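Below is a set of questions and answers on one protein chain. Please keep the structure open while reading.

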Amino acid sequence: MEAGREATEHATLPESRQRARVRPLRPVEKGLGGLGRTGENLLAHLGSLGTLVWQTVVYLFTGRIPLREVVRQMYWMGVSSVPIVMVTGILAGVVTSQQGGYQFTGSVPLYVLGSVVTSSVVLELGPIMTAVVLIGRVGARITAELGTMQVSEQIDALHSLGRDPVRTLVSPRIVAGVIVVPCLVGVANTAGILSGMFAAQVTIGLSPDAFLYGAQLWWHSWDLFYSLSKGVVFGFVIPLIASHMGLATRGGAEGVGKATTSAVVLMTLAVLFLDALFPPLLLN
């Protein structure tokens, strides 16, 4: 009887008071709903990325990836990116050499600067700066290209012709990225070390022989493998995320712009996150 009386009293309350009773629950509901949508979107993106990886591996091992398209993407990603990668490596080497020379003058033997510059460029600056440059030059362009094809229904046209967009558009870009990015990292490392050696000679008078002596003193062959391994991983992740975001584009020209912006942010975060995983996995 008491329960029925409470229900009758609640039903007879004014509508404004009924809404007032429910209102405190709305922020919780909105928070849970937003969390659920975020988790759903995250799982959907991860599932799509996993599908792209699986299809690329299958096409690679079955020899169904068009070789001509791979070569074309290698030229566009690799050869065309050499100038900007060299400039980035040179600036990284010069800045590291100048800052190290400023800190070491009068307290540490100057030849140690050779080891500092070499280790900094090879282990960190060369791979990460190359990846950041390629995110802006390569990743954004891939997303814009595939996104434009998606919103203009060119992807649907490929499906209607019996051609798989992953095989013809995505896989060649991923394979090309895995091949050329380690080479670009090597170019950036070489440019950074040589520019750092030149800057050390100009700023603090450290001879090239002393610089190279310091570089060889604490050099490990593993450092080169570590650096190039970063290039392989970054070369895989950048075109993968860019292609996924391009194929997921919706909403016309505005959607292409949003997808490109989101892709750049995601690629940058992914590269920084993976870069943070390398020291505990490969250096310890």
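Q: Are Tyr226 and Phe278 buried or exposed?
A: The model is a predicted one, and the answer rests on relative accessibility, with buried meaning under 20%. At 9%, Phe278 falls in that class. Tyr226 and Phe278 are both buried.

Q: How many aromatic pairs are found in the whole structure, and which kind of pair do Tyr226 and Phe278 form?
A: A search of the whole structure gives four aromatic pairs. In one of them, the ring centres of Tyr226 and Phe278 lie 5.8 Å apart and the planes stand at 90°. Planes over 60 degrees apart count as edge-to-face, so the pair of Tyr226 and Phe278 is edge-to-face.

Q: Which helices does the pair of Tyr226 and Phe278 tie together?
A: The two residues are 52 apart in sequence. Tyr226 belongs to one helix and Phe278 to another, so the pair ties together helix H10 and helix H11.

Q: Which residue forms an aromatic pair with Phe278 at 6.5 Å centre to centre?
A: This pair is edge-to-face, with 70° between the planes. It links distant parts of the chain, 44 residues apart, with Phe278 in helix H11 and its partner in helix H10.

Q: Where is Ala248, and is it buried, partly exposed or exposed?
A: Ala248 sits in the loop between helix H10 (221-247) and helix H11 (252-283). Because its relative accessibility is 37%, Ala248 counts as partly exposed.

Q: What is the relation between the axes of H4 and H8?
A: Helix H4 covers residues 67-77 and helix H8 residues 165-203. Their axes come within 8 Å and cross at roughly 45°. The crossing is right-handed. With that angle, H4 is oblique to H8.

Q: How many nonpolar, polar and charged residues make the contact of H4 with H8?
A: On H4 the contact is made by Glu69, Val70, Gln73, Met74 and Met77. The H8 side includes Thr168, Pro172, Arg173 and Leu184. By class, the contact has nine nonpolar, three polar and two charged residues.

Q: What is the hand of the crossing of H6 and H9?
A: The axes of helix H6 (residues 112-151) and helix H9 (residues 208-217) come within 6 Å and cross at roughly 60°. H6 and H9 are therefore oblique to each other. The crossing is right-handed.

Q: How do the residues of the contact of H6 with H9 divide by class?
A: H6 brings Leu113, Gly114, Ser115, Val117 and Thr118 to the contact. H9 brings Phe211, Gly214 and Ala215. The residues divide into four nonpolar, four polar and no charged.

Q: How many helices and strands does the chain have?
A: From the N terminus on, the elements run α-α-α-α-α-α-α-α-α-α-α. The counts are eleven helices and zero strands.

Q: Among contacts between residues at least 6 apart in sequence, what share joins residues at least 24 apart?
A: The chain has 284 residues, and buried residues make up 39% of them. Among the contacts in question, the share that joins residues at least 24 apart is 85%.

Conventions: Residues are numbered from 1 along each chain as its sequence is written. This is a predicted model: local features need pLDDT of at least 70, side-chain atom pairs count only at pLDDT 80 or more; totals for chains, interfaces and linings use all residues. Side-chain values use heavy atoms; hydrogens and water are left out. Helices (H or I, at least four residues) and strands (E, at least two) are DSSP runs, numbered from the N terminus. Buried means under 20% relative accessible area, exposed over 50%, partly exposed in between (1.4 Å probe, protein chains only). Rings of Phe, Tyr and Trp (its six-membered ring) pair if their centres lie within 6.5 Å; planes under 30 degrees apart count as stacked, over 60 as edge-to-face and the rest as tilted. Axes are lines fitted to C-alpha atoms, for helices over the stretch in contact, and angles run from 0 to 180 degrees between N-to-C directions. Angles under 35 degrees count as roughly parallel, over 145 as roughly antiparallel, 65 to 115 as roughly perpendicular and the rest as oblique. A crossing is left-handed if the near helix is turned anticlockwise from the far one by less than a right angle, and right-handed if clockwise. Contact means heavy atoms within 4.5 Å. Ala, Val, Leu, Ile, Met, Phe, Trp, Tyr, Cys and Pro count as nonpolar, Asp, Glu, Lys and Arg as charged, and the others, Gly among them, as polar.
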